[in-house]
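Look at how this chain is put together.

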Amino acid sequence: MAIAWSEKASSMEVLASPPSLSPPVILTQDELKKIAAYKAVEFVESGMVLGLGTGSTAKHAVDRIGDLLRLGKLKNIVGIPTSKKTQEQAVSLGIPLSDLDSHPSIDLAIDGADEVDPYLNLVKGRGGSLLREKMVEGACKKFVCIVDESKLVNHLGGSGLAMPVEVVPFCWKFTARKLQNMFESSGCVAKLRNDGKGEAFVSDNGNYIVDLYLKKSIGDLVVASDGILRIAGVVEHGMFLDMATTVIVAGELGITINNK
């Protein structure tokens, strides 16, 4: 699936394991994420300013960077975290941190994604950190996205899972209705994300997340993006369009590297 899906990327490298007579080893989703994350960290060089992503896949990359710093294989790294959770993780690993005010240009960012389409457009933010992720990854020279093959879709929203939109809490229902009506022809249902305890989920920025569930493609992504951002009350959305320079996909057949 990964190879056929990747044909629309401008270049592709497949790093598959050689054939073996041994019974195939079935890797878990988390093991695949770890493989992709470790491959992405190979792009990291000493002296870099790094965007540190958020989520279960990016966590493996941050752990690996911390290990390499501790072993002395990386030096003079500065990390820009995309969430409070990643900040706490990086501090625990001894990764020096800063922010965009001090480092407005980032050499490399490594982060996961919730969906990747054949043109390397992404859906991100199901963990709730989409605004800071977009700020950091929009400031980087190279953005390496790491996923397992379950995240590949034919079009954004194609998984049927959430397309996140960060909104201000004030009159969030009004904003949610606007979003749902905008994509009515795509069978959109807009739902406020909860924190699992019956309360509204609150982002690191003090905002709410409205999740859009789509039954059909929303068409031109640039038009959709502009339309969402024009709604008063919307802070940012989880479509990361034309931002990833490399997508590393870990699957049963090995690693696939897709480049813009």
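Contact here means heavy atoms within 4.5 Å. The model is predicted.

The protein chain is divided into two domains: domain 1 covers 13-153 + 241-259, and domain 2 covers 163-235. Their C-alpha centres lie 26 Å apart. Across the boundary, 14 residues of domain 1 are in contact with 13 residues of domain 2.

The size of an interface is often given as the accessible area lost when the parts come together. Domain 1 and domain 2 bury about 1000 Å² between them. Of this area, 60% is on carbon and sulfur atoms.

Now the polar side. Between domain 1 and domain 2 there are zero salt bridges. Five residue pairs are in polar contact there, both partners at pLDDT 80 or more. Among the elements of domain 1, helix α5 (residues 130-137) gives the most to the side that touches domain 2, with three residues.

Next, helix α2, residues 29-41.

The buried residues of α2 are L32, K33, A36, A37, A40 and V41. What covers them? The cover includes helix α3 (56-70) and the strands β4 (106-111), β7 (140-148), β13 (246-251) and β14 (254-259).

Technical notes
Residues are numbered from 1 along each chain as its sequence is written. This is a predicted model: local features need pLDDT of at least 70, side-chain atom pairs count only at pLDDT 80 or more; totals for chains, interfaces and linings use all residues. Side-chain values use heavy atoms; hydrogens and water are left out. Helices (H or I, at least four residues) and strands (E, at least two) are DSSP runs, numbered from the N terminus. The expected span of a helix is 1.5 Å times one less than its number of residues. Buried means under 20% relative accessible area, exposed over 50%, partly exposed in between (1.4 Å probe, protein chains only). Domain bounds come from an automatic or database domain assignment. Buried area is the accessible area (1.4 Å probe) that two parts lose on being put together, summed over both. A salt bridge is a side-chain nitrogen of Lys or Arg within 4 Å of a carboxyl oxygen of Asp or Glu. A polar contact is a pair of N or O atoms within 3.5 Å; within protein, one must be able to donate a hydrogen and the other to accept it, and residues adjacent in sequence count only if both atoms are side-chain atoms.
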